[in-house]
Amino acid sequence: MTTNFICCMKDQSLKEVHSLFIKTHSNILPVIDESNRLIGIITRNKIFQLLITIPSFDTTIEQYYTSSPIFLHPTDSVEETRRLLLKYNVGHAPVVNNEMEPVGVVSTKQLLSSYSLVYSQLSSVLEIAYDAIILVNKKAEITMVNKGFTDLFGLKSKDVLHKCTTDLFPELEIESVIRSGISIHNTPQIIEGYQSLISILPIKENGKVNSAICKVTFRGLTQLHEALSKVKKLEKQISYYQNEINELKGTKYTFFDIAGESDTLRKVKHEANLASKSMSTVLIIGESGTGKELFAQGIHAASGQTGSFVQVNCAAIPPELLESEFFGYSDGAFTGAKKGGMKGKFELAQNGTIFLDEIGDMSLPLQTKILRVLQEKELQPIGSSKTIHLNTKIIAATNQNIEQLVAEGKFREDLYYRLNIMRLNIPPLRERIEDLPDIIQTIIKRLNQGGFFIKGVTHSAVTKLMKHSWPGNVRELQNVLERAANLKTGDYIDADEIPAFNSLQQEKFISQKVPSSYKDRMVSTEKDMIISALKVARGNKTKASEILGISRPWLYAKMKKFQLDSHTY
């Protein structure tokens, strides 16, 4: 900014103000009051117009200056200043201190000079950078390039500047990052024969991507891998102790195991953490495969409950056994009862948490009894006169539209209100696709713990995965990566090992214009997958569940839902 400037006051005449403009190159003068505080501005053009139209040069500027002007502070960044001047279409603006006293004037010309300096400094930084680096605009055209990049590809700067990366370097797939706005961090790829790590960071303005920076690390990777190995060893040690703590509470997962840092996910994580601090019931709503169980376990792990985490899949237990499963029974309560009786799930979760998964599939009679337990905080095992007072946190979950179930009379309204105190809406993967790279890394880590050896997923594979809409959510992604892990020929999962996704299907899923038909397609696809697996397994349900990568109870529940019997497959 310019600190050598002139101010004027509202009671000065046109002639006086004109004389002040002659003494400065600035196109504006700050207008101040008696206390030297900014009250407005007047422009050079305005004075010229007034001198032509106003008969008397002694007329003051009081009724002609601009009050409430756009102003800046000395601490404002160049980028913030540029954005503000462009937004209000002004070429000059006064700069004020905390007391609203003018301390300078800034112009768009000065901003351009600052940008030239910034770019000059940036060019110097890029040139001494160890990695290969390019900057591109929103059309993926290269605006800056360093020597590391031209050395890697054996080119000269003039060969790449202002050229589109889509044409010259399609393997970098920078346009996909610009289009999606999702950053890529250290994903492996073979570039010009070098084992490399690619990072692409989209740069946004007003929420829209207007440029990106791409870094390719291809030197010193041996030392980097050694450092990463040490980090992984430390992670294993931490994971070991964390697992021991989790096992004591009956859980495998905490909030830290829920991968992703998108705004929507962070909001839900925050709400879940708040829900863990009280004994209020929690209702988790989300599509199949979104990770409702992870959130339930995370809430229990973060809670003060010292007891176990007990999960009940309401869709997997035969209706005739549900009551005894929930409430238990005493010795000799009925024919065939286990000698000595059996503790129910609620009693097993005493001082802990009970997770009622697929609550929407619970029968109305059982809903009535569950409601009583929630209201009275006590229960009686079948065939027993003993009353058990409960200190149990209740978490329920469903992938169904529970409000619609209430409207249709399939779910008790009073039970719904009793459950719907702390509600968590888990976003589907397609609504937080920026979390995909983090989720991929988490799944790869779990696959390696299960016996696979996978160093990572290549950049081209990640890009391919990001183009899918994931109707099956994280569970579908896990199945795709596990299949790829079985098919891979090298240390990394590459794009060739990822199945081809139907682009037309993607557009339909992404558009989400007809929610009901979307749900119908989901059901149809799920049903067809189950029938196909049963056919391959020749009716063997254990083998079919293994093929699908799901549990047998889940398979039985879905077979019942779709009314599948031996005649179907």
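Helices are DSSP runs of H or I with at least four residues, numbered from the N terminus. Helix α11, the place of Leu-294, is one such run, covering residues 292-302. The legends below refer to a predicted model.

**Figure 1. Overview of the protein chain.** The predicted chain holds 23 helices and 22 strands. It has 569 residues, of which 43% count as buried. Among contacts with a separation of 6 or more, 63% are accounted for by residues 24 or more positions apart.

**Figure 2. Leu-294 and helix α11.** Leu-294 sits in α11, residues 292-302. Eight of the 11 residues of this helix are buried, so α11 is largely enclosed by the rest of the structure. The buried residues are Lys-292, Leu-294, Phe-295, Ala-296, Gln-297, Gly-298, Ile-299 and His-300. With neighbours within four places in sequence left aside, Leu-294 is in contact with Tyr-253, Asp-257, Ile-258 and Arg-446. Thr-251 lies 43 residues from Leu-294 along the chain, and the C-alpha atoms of the two are separated by 9.2 Å.

**Figure 3. The largest nonpolar core.** This core has 49 residues. Those with the most contacts inside the core are Ile-134, Leu-172, Ile-440, Leu-465, Leu-477, Leu-481 and Ile-493. Ile-440 touches Val-457, Val-462, Leu-465, Leu-477 and Leu-481, when residues up to four places away in sequence are not counted. Another core, of 32 residues, lies apart from the largest one, and includes Leu-322, Phe-326, Ala-349 and Leu-366.

**Figure 4. Packing of helix α17 against helix α19.** Helix α17 spans residues 436-449 and helix α19 spans residues 473-487. They pack at an angle of about 55°, and their axes are 10 Å apart. That angle makes α17 oblique to α19. The crossing of the two helices is right-handed. On the α17 side the contact is made by Leu-436, Ile-439, Ile-440, Ile-443 and Leu-447. They meet Val-474, Leu-477, Gln-478, Leu-481, Glu-482 and Ala-485 in α19. By class, the residues of this contact divide into nine nonpolar, one polar and one charged. Ile-440, Leu-477 and Leu-481 of this contact are also listed among the residues with the most contacts inside the largest nonpolar core.

**Figure 5. Packing of helix α1 against helix α2.** Helix α1 (residues 14-22) packs with helix α2 (residues 44-53) at an angle of about 140°, with axes 10 Å apart. The two helices are therefore oblique to each other. Their crossing is left-handed. Leu-14, Val-17, His-18 and Phe-21 in α1 meet Arg-44, Ile-47, Phe-48, Leu-50 and Leu-51 in α2. Seven nonpolar residues, one polar residue and one charged residue make up this contact.

Figure 6. Thr-43 is found in strand β3, which covers residues 38-43. Its relative accessibility is 29%, so Thr-43 counts as partly exposed. The cut-offs behind this are under 20% for buried and over 50% for exposed. Not counting residues up to four places away in sequence, Thr-43 touches Phe-21, Asn-27 and Ile-28. Phe-21 is also one of the α1 residues that meet α2. Thr-43 and His-92 are 49 residues apart in sequence, with 9.2 Å between their C-alpha atoms.

Methods
Residues numbered from 1 in each chain as written. Predicted model: local features only at pLDDT ≥ 70, side-chain atom pairs only at ≥ 80, totals over all residues. Heavy atoms only, no water. Core = buried A, V, L, I, M, F, W, Y, C linked by side-chain atoms within 4.5 Å. Buried < 20%, exposed > 50% of the residue type's maximum accessible area, 1.4 Å probe, protein only. Contact = heavy atoms within 4.5 Å. Axes fitted to C-alpha atoms, helices over the stretch in contact; angles between N-to-C directions. Parallel < 35°, antiparallel > 145°, perpendicular 65-115°, else oblique. Left-handed = near helix turned anticlockwise from the far one by under 90°. Nonpolar A, V, L, I, M, F, W, Y, C, P; charged D, E, K, R; others polar.
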